[in-house]
Amino acid sequence: ERFHSISGCFYTEARNWSYDSPFKKKVFSNAIDIGSGTGCIGITLALEMPSIIIDLIDISNTALENIRRNIKRFKCQKSVKSYKLDILNQIPTYKYDVLVSNPPYIEDTMINKLDYSVKYYDPINALTDYSDGLTFYRRIHQIADQVLNKNGIIIMEAGNYQQINEIKNIFDNYITTIHNDLNNDPRIIELKRQSQSWSFYL
């Protein structure tokens, strides 16, 4: 079943997150999905792991409307909640075992080079940070200690291998694991603090 999306809302494919999934053989109790869009990633997690609690946040009212429709559509109201939050200027109230995000990571200079179907279907705020594509990664690094529980992990999507290396430089005090997408290209970066002795792997 497909996720509901209305005009002006970013549609996220969860398939890249399920292939070579960073969530395989992990156990956690709660998660936050930053910049959730349609809620595709967070709701998919809830359906795959019904015992966890997930908060979906976004700054867009249109996105939040989509998220709420999809929560109802997939009948996961008990485990998934959504609320409005500007992650660049606010900090979530609670702490989580896992932070996931597919943030706007396209450089502003690359927008005009995107395929027509992307550039004119997805809202521009879901595609770019109007800068170098790294704004949200820097912010997540900045607030990670305030958002993550002890031994918490961060799992985010990135644009390409070059950008993944730039993200690794931002999170230079973290251990990184790279997961490939359906095309076998590096797409998901998993991060945990170097001091962590405990693992989510069973």
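**Stop one: charged pairs**

Select arginine 69 and glutamate 65: they form a salt bridge, with the closest N and O atoms 2.7 Å apart. This is a predicted model. Now colour helix α3, residues 61-73; both partners lie in it, four residues apart, about one turn of the helix.

Next, select arginine 138 and aspartate 132. Their side chains meet in a salt bridge, 2.5 Å from N to O. Arginine 138 has 39% relative accessibility and counts as partly exposed. Aspartate 132 is partly exposed, with 25%.

Move to arginine 187 and aspartate 181. Here the salt bridge has its closest N and O atoms 3.1 Å apart. Arginine 187 counts as buried because its relative accessibility is 15%, under the 20% cut-off. Aspartate 181 counts as buried at 2%. The count of salt bridges comes to four.

**Stop two: the sheet**

Hide the side chains and show the strands. How many strands form the open sheet? Seven do, in the order β3-β2-β1-β4-β5-β7-β6, with mixed pairing. Find the edges: β3 (80-84) and β6 (174-180) each pair on one side only. Neighbouring strands are turned by 20° against each other on average, direction ignored.

Zoom in on β2, residues 53-58. Five bridges join β2 to β3, and the two run parallel. Select aspartate 58; opposite it, in β3, stands lysine 84.

**Stop three: helices on the sheet**

Select helix α2, residues 40-48. Helix α2 packs on the sheet and touches β1 (30-34), β2, β3 and β4 (96-101). The direction of α2 makes about 175° with that of β2.

Then select helix α7, residues 161-170. Helix α7 packs on the sheet as well, touching β5 (148-157), β6 and β7 (186-193). The direction of α7 makes about 10° with that of β7.

**Stop four: strand β4**

Finish on β4. Which way does the cover go: is β4 mostly covered or mostly open? β4 is mostly covered, with six of its six residues buried. On one pairing, four bridges join β4 to β1, running parallel. Select isoleucine 34 and find serine 101 of β4 opposite. β4 also pairs with β5, in the parallel sense, over five bridges. There, valine 98 stands opposite isoleucine 153 in β5.

Notes. Residues are numbered from 1 along each chain as its sequence is written. This is a predicted model: local features need pLDDT of at least 70, side-chain atom pairs count only at pLDDT 80 or more; totals for chains, interfaces and linings use all residues. Side-chain values use heavy atoms; hydrogens and water are left out. Two strands pair if DSSP finds at least two bridges between them. Axes are lines fitted to C-alpha atoms, for helices over the stretch in contact, and angles run from 0 to 180 degrees between N-to-C directions. Contact means heavy atoms within 4.5 Å. Buried means under 20% relative accessible area, exposed over 50%, partly exposed in between (1.4 Å probe, protein chains only).
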